[in-house]
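Here is a short briefing to read alongside the sequence and the 3D view.

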Amino acid sequence: MGNKVKGWIKYFFIYILLILFIVPFLLMIINSFKTTQEFVSSPFSLPAKIDFGNYVAAYTKMNFLNGFANSLIITFISVVLIILTSSMASHFLVRNKTKTSKVIFATLVASMIVPFQAVMIPLVSIYGNMKFLNNKWSLIFMYLGFGQAFAVFIFHGFIKNVPLEMEEAVLIDGGNKLQSFFKIVFPLLTPVTVTVLILDILWIWNDYLLPSLVLLSPLQRTLPLSTYSFFQSYSVDYAPLMAGIVLTILPVLIAYVFCQKQIIKGVVQGAIK
Amino acid sequence: MKVKKKVLNTGVFITFMGPSLFAFTCVLLIPFLYGVFLTFTNYNPIKGTQSFVGFTNFVAVFTDAEFLGQFVKTLGYVFYSTIFCNLLAFILAFLLTGNIKAQNFLRGGFFTPNLIGGIILGYIWKFIFANVVTQLGNTLEFKPLMTSLLTHPDRAILAMIIVTVWQYSGYLMMIYIAGFVGIPKDILEAAQIDGADGMKKLLHITIPSMVPSFVICLFITISRGFMAYDLNLALTNGGPYGSTRLASMHIYQKAFQANQYATGQAEAIILFIAVAIAAVSQVLLTKRYEVEA
């Protein structure tokens with residue numbers, strides 16, 4: 001009896017907390033169908049009628065498709081390049097245990113504690129002087145640089161356990177090191193590649209500060225940047241702003257529904273390594 | 001033969017290490033070193049100055065009452081968000097590891113805020129604080145809720161802490177769950193047989209064996225707290241009256257709005273030192289624990 005009551009209290013407590021966690025999202029969705037007036041006077045009621053007018057307004061005013069495409073291109077190319085370059089570098093560092101390798105690895109690991117704010121001013125100054133700003137390729141190159149340390153750290157730990165014999169077999173058969181890496185080693189890395197993939201996608205997709213410094217023209221904006229400027233320019237009319245929020249988080253939530261297990265696993269693996 | 005091998009090795013080095021090393025050096029290493037150098041100059045791209053000035057910038061930072069005030073505010077924000085994030089995350093993890101229905105659904109639900117960037121989260125909560133909570137206060141005729149938290153200079157920082165706790169608890173919860181799951185079952189069973197009740201098990205077995213999880217989570221919350229920018233920008237934009245302007249935002253504005261690049265960079269280096277201290281303590285704590293275990 002006592003245990004049963006305890007159990008009920010536990011469920012009650014957990015679900016109250018869950019509702020508190022989820023309610024902000026639900027409120028955004030419900031209110032995105034209302035007029036601003038309806039929202040201000042009764043934010044908890046269901047919309048009087050389902051009207052997609054706010055979505056149409058948000059979609060056109062924030063140039064949603066453009067922002068979405070920019071985010072997608074930048075995230076995709078950066079992540080693929082980070083994974084390729086960092087896995088190859090880690091492989092080299094593990095297989096060539098020289099003093100140079102050790103110094104390089106130690107420098108990479110140490111650099112992980114440098115907050116972005118500590119390099120932001122010189123970065124803008126150097127790349128601004130070279131006229132490399134306002135260009136998505138510069139941004140991708142920067143992600144490639146900022147993404148190295150963590151990805152190398154994760155791959156390095158995993159490659160240490162890949163048996164050397166399999167690679168040597170390819171080399172003996174006349175293959176070169178690139179072939180042995182891509183045919184044997186890279187496929188074996190899949191579990192950690194997924195971890196790096198997920199963490200880097202979340203990081204780059206949601207990043208605001210770096211793209212806000214690099215991408216200056218409106219047409220190049222990624223989604224967080226177009227959301228920001230949308231909120232700056234239409235701060236009086238709330239309803240379309242909420243539709244804009246829902247539009248922006250929808251792709252992430254859809255991806256989450258389908259890959260929840262991998263995403264959570266990836267994020268936890270990345271943290272405890 | 002020997003020469004050929006050396007050429008081959010250089011080739012392999014360039015193919016495998018080249019792209020990684022090049023990007024890392026250009027984007028992180030050089031800007032960081034250049035950044036340290038800049039703090040000793042009066043660098044200003046608009047005036048075109050860049051000469052050596054010694055420790056002038058650091059003296060300016062440490063005599064800048066505004067920065068010091070905001071740095072203390074940042075410390076407070078980091079302290080309270082770290083405590084509450086970890087407390088809530090630990091409780092959630094504890095509740096969601098036992099015998100409970102719909103475990104994955106619940107875990108997934110609590111984790112959701114962590115998937116979304118600070119800018120969007122900040123805007124969502126701006127609506128919640130400004131419109132939803134005030135409406136609730138009016139309906140319930142409960143005075144403290146009638147005006148938005150975001151309009152009180154002395155309390156707006158609470159809004160930052162609330163949203164931070166909401167954002168990171170689910171993430172930390174997952175790390176604590178991994179810690180709970182990692183505790184060997186036989187130890188817990190042995191304690192049970194020896195007559196330890198739930199509370200005793202928690203205090204004497206569970207918490208001590210989860211020290212590594214605590215260290216990771218504390219480091220994550222502390223370092224992210226020091227670096228908080230996006231949420232700050234979208235939720236309060238430093239206001240009202242600069243009362244919630246945290247260190248990162250201060251640095252950004254110093255450099256890019258007030259055009260005091262060198263002073264801003266000196267502040268950034270101080271922020272780096274704060275994060276580095278947190279990181280080094282993490283490593284030392286983990287090492288010490290490993291020796292004891």
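How does the radius of gyration of chain B stand against that of a compact globule of 293 residues? Chain B has 24 Å, whereas a compact globule with that number of residues would be near 19 Å. Please keep in mind that this is a predicted model.

**Chain B as a whole**

- Chain B holds 13 helices and 0 strands, and its elements from the N terminus on read α-α-α-α-α-α-α-α-α-α-α-α-α.
- Along the principal axes, the C-alpha trace of chain B spans about 75 × 70 × 30 Å.
- In chain B, 43% of the 293 residues count as buried.
- If you take the contacts in chain B with a separation of 6 or more, 70% of them come from residues 24 or more positions apart.

**Chain A as a whole**

- Chain A has 13 helices and 0 strands, with the pattern α-α-α-α-α-α-α-α-α-α-α-α-α along the sequence.
- The radius of gyration of chain A is 24 Å, while a compact globule of 273 residues would have one near 19 Å.
- A box of roughly 75 × 70 × 35 Å, taken along the principal axes, is filled by the C-alpha atoms of chain A.
- Of the 273 residues in chain A, 40% are buried.
- For chain A, 76% of the contacts between residues at least 6 apart in sequence join residues at least 24 apart.

**Where the two chains touch**

- Chain A brings 62 residues to the contact and chain B brings 65 residues.
- On the side of chain A that touches chain B, helix 13 of chain A gives the most, with 13 residues.
- Sorted by class, that side of chain A has 48 nonpolar, 12 polar and 2 charged residues.

**Domains of chain A**

- Chain A is divided into domain 1 (1-61 + 238-254) and domain 2 (64-233).
- The centres of domain 1 and domain 2 of chain A, taken over C-alpha atoms, are separated by 35 Å.
- What does the contact between these domains consist of? In chain A, 7 residues of domain 1 are in contact with 5 residues of domain 2.
- Helix 3 (53-61) and helix 13 of chain A each supply at least two residues of the side of domain 1 that touches domain 2, and helix 13 gives the most, with 4 residues.
- By class, this side of domain 1 of chain A has 4 nonpolar, 2 polar and 1 charged residues.

- At A:Cys259, helix 13 of chain A bends by about 95°.

**Residues worth a look**

- Is A:Asp207 buried or exposed? A:Asp207 is buried, because 25 other C-beta atoms lie within 10 Å.
- A:Asp207 sits in the loop between helix 10 (190-206) and helix 11 (209-214) of chain A.
- A:Asp207 and A:Val236 are 29 residues apart along the chain, and their C-alpha atoms are separated by 26 Å.
- For background, most residues other than glycine have a negative phi, and most peptide bonds are trans.
- A:Asn134 is not a glycine, yet has a positive phi of about 60°.
- You will find A:Asn134 in the loop between helix 6 (116-129) and helix 7 (136-159) of chain A, where A:Asn134 counts as partly exposed because it has 14 C-beta neighbours inside 10 Å.
- B:Glu141, a residue other than glycine, also has a positive phi, near 50°.
- The loop between helix 5 (118-140) and helix 6 (143-146) of chain B holds B:Glu141, and B:Glu141 is exposed, with 8 other C-beta atoms within 10 Å.
- Which kind of peptide bond runs from B:Gly239 to B:Pro240? The bond is cis, with omega near -5°.
- B:Pro240 belongs to the loop between helix 11 (230-235) and helix 12 (247-256) of chain B.

Conventions: Residues numbered from 1 in each chain as written. Chains lettered and ligands numbered in written order. Predicted model: local features only at pLDDT ≥ 70, side-chain atom pairs only at ≥ 80, totals over all residues. Bend = angle between axes of the 7 residues up to and from the residue. Buried ≥ 20, exposed ≤ 12 C-beta atoms within 10 Å, placed from the backbone. Domains from an automatic or database assignment. Contact = placed C-beta atoms within 7 Å. Nonpolar A, V, L, I, M, F, W, Y, C, P; charged D, E, K, R; others polar. Rg over C-alpha atoms; globule rule 2.2 N^0.38 Å.
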